[in-house]
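Please work through each task before reading the solution.

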Amino acid sequence: WSSMSKFVRSSKFRYVQGRAANKDDIYENVNPSPTSAPDSNFIAANSKFFAIPWKGGGGPFVVHPLSCKGKLNSVPAVFQGHSAPIQDLSFSPFCDSIIASASEDSTLRVWNFAEVLDSSSPLKEDADEKCSVQLQGHSKKVMLARWNPVADGILLSSSFDNTIRIWDANKASEFRSVELVDSPQHIAWNYDGSLFACTCKDKLLRICDPRTGAVAQEVASQGGSKGAHVCFLGDKNMLATVGFSPQSDRQIILRDSRDITKTLVSQSIDHDFGMLFPFFDPDTNILYLAGKGDCNIRYYEIVPTEPYIHFLDEFSAKDPQRGVCCLPKTVVDMANTEINRFLRFCEKYVEPVSFSVPRKADQSNDDLYPPTFAGKPSLSGDEWIKGSNASPAMVDMLTGQVAEEVKSSASNNPTPAAPAVEAELHKGRQHKESRQSGEVQLKEVDPAVKPKERQAETPQETLLPVETSFDVLHTLNGIELKGKLTVTVNTNDRLKEMEKRIKELELENADLRAKLNAK
């Protein structure tokens, strides 16, 4: 990374610090599966649990509550349903008790352990395939599984049979299969789950349409003899690939996701040999890189203009990591300005690592916590399969308010407003138009108000429907026009303001109405 810019521009994330958890907060006595799983994170986590493939016959894995720290049982209860070792685990982004497992037995399983495990204590007895459904279709071992970030139950899987398959897990059925020239090595959904990217053994990077099965774009990836991993950079129309250059040094490349033949920047990182895994936080625009066998996690800030990437710092530990995963943003400690938390899986223990922004005690932290992923689906599986797109549902971390998402296929044209009330309704109409384009709108908050005060001031009234109609009167060229005005509102206060303004408008036109009625 020495070739990266040494002089970082002014940024609130310039001094982000990584810190390992205290010994009391570490999970010890871990006995993982000996399988290598070179392209898998090997550990998965959500806000309540983490999961690791476990040593044993067949393909067992352990799901352990994050709240139960310290030593795991030497012979813990496991989930057992596969006949061969597990290669990858992936928690559903929408339900803490659902996890997908990918195995060398050429199948996937989707488990719902809500009835056998809670977040307060470990699993008490082994759970078999009765609490799972099997997804069959691949002919060789399944390497990776990834959930769609907006659509409920849509799962992506890659296999050594040179296919990537899309599943409707709610129906335990295969929706589409994408045939490739060579075996895929890594897969990643884009921000709204409408496309996915894959790197393959033939050293090509591809972007595919999961609903048609077509390869939309392809380009030579890193150029080195080893594989590469890919990650979309939020909604920035950028993606990153990390791998090896022809000279065998580890390398990061940023590309324009709309035209992946256009390289934005290419940087050498170092000459180590472990595979790097990218993790992007769209809330802070920080890209984290963690390598298997490394003892560190590097992090960079991504910007929309040249040079596009700024090296910030790295967290270093004494033991090498076998896998790394990022926890949901909703678990961070906002009081201590924590912006991200990872789990490092080492040989015999799992270690939480916290990334924080140093701030003075009297300095506001609100700017560190923009709206983040809410953990709720924006689309049903059927809606996504039929072609609907939507942005991820977001939650305001300061108020806890979840923004309602409207599908981008909605097409309600706004009714023209009378000129006298145009200024009053401008915000409401903008809100409706942005919802139609798939954007998420959150309630505006005053940054000068502290989070606790803001929560206390939040009205307890039920929010009104998105669309509300009023009878209004408007005069155009001496002719009085009467009709319905449809506006978009999101709070009762906004409605009261508009009702007051409309009444004022009607009073102003009272004389004209009387003349018209007389005629």
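Helices (H or I, at least four residues) and strands (E, at least two) are DSSP runs, numbered from the N terminus. The model is predicted, so local features need pLDDT of at least 70 and side-chain atom pairs count only at pLDDT 80 or more, while totals for chains, interfaces and linings use all residues. Residues are numbered from 1 along each chain as its sequence is written, and side-chain values use heavy atoms, with hydrogens and water left out.

**Exercise 1.** Locate Ser 132 and decide whether Ser 132 is buried or exposed.

*Solution.* Step one: Ser 132 belongs to strand β10, residues 132-136. Step two: buried means under 20% relative accessible area, exposed over 50%, and partly exposed in between (1.4 Å probe, protein chains only). Ser 132 has a relative accessibility of 13% and therefore counts as buried. Step three: contact means heavy atoms within 4.5 Å. Leaving out residues up to four places away in sequence, Ser 132 touches Arg 109, Val 110 and Trp 111. The C-alpha atoms of Ser 132 and Val 110 are 5.3 Å apart, although 22 residues separate the two in sequence.

**Exercise 2.** Carry out the corresponding analysis for His 64.

*Solution.* Step one: His 64 is found in strand β5, residues 61-65. Step two: His 64 is buried, because its relative accessible area is 5%. Step three: apart from neighbours within four places in sequence, the contacts of His 64 are Tyr 27, Lys 48, Phe 49, Phe 50, Leu 72 and Pro 122.

**Exercise 3.** Describe how strands β15 and β16 are arranged.

*Solution.* Step one: β15 covers residues 184-189, and six of its six residues are buried. Step two: two strands pair if DSSP finds at least two bridges between them. β15 pairs with β16 (residues 196-200) in the antiparallel sense over five bridges, and Pro 184 stands opposite Cys 200 in β16. Step three: the two strands form a hairpin with six residues between them, and Gly 193 in the turn has a positive phi of about 70 degrees.

**Exercise 4.** Which residues touch the most other members of the largest nonpolar core?

*Solution.* Step one: a nonpolar core is a set of buried Ala, Val, Leu, Ile, Met, Phe, Trp, Tyr and Cys residues joined through side-chain atoms within 4.5 Å. Step two: the largest core has 24 residues, and Phe 13, Val 16, Ile 286, Tyr 288, Ile 339 and Phe 355 touch the most other members. Step three: the strands that each supply at least two residues of this core include β23, β24 and β28 (338-345). The largest share, three residues, comes from β24. A second, separate core of 20 residues includes Leu 156, Phe 175, Leu 180 and Leu 379.

**Exercise 5.** What is the volume of the second largest cavity, and which residues line it?

*Solution.* Step one: on a 1 Å grid over the protein atoms alone, a cavity is a set of points where a 1.4 Å probe fits but cannot get out, and lining residues have an atom within 4 Å of a point. Step three: its lining includes Asn 41, Phe 277, Lys 292 and Arg 322. β23 (276-281), β24 (286-291) and β27 (323-326) each supply at least two lining residues.

Notes. 1 Å grid on protein atoms, 1.4 Å probe; cavity = no way out; pocket = protein on both sides within 12 Å on 5 of 7 lines; lining within 4 Å.
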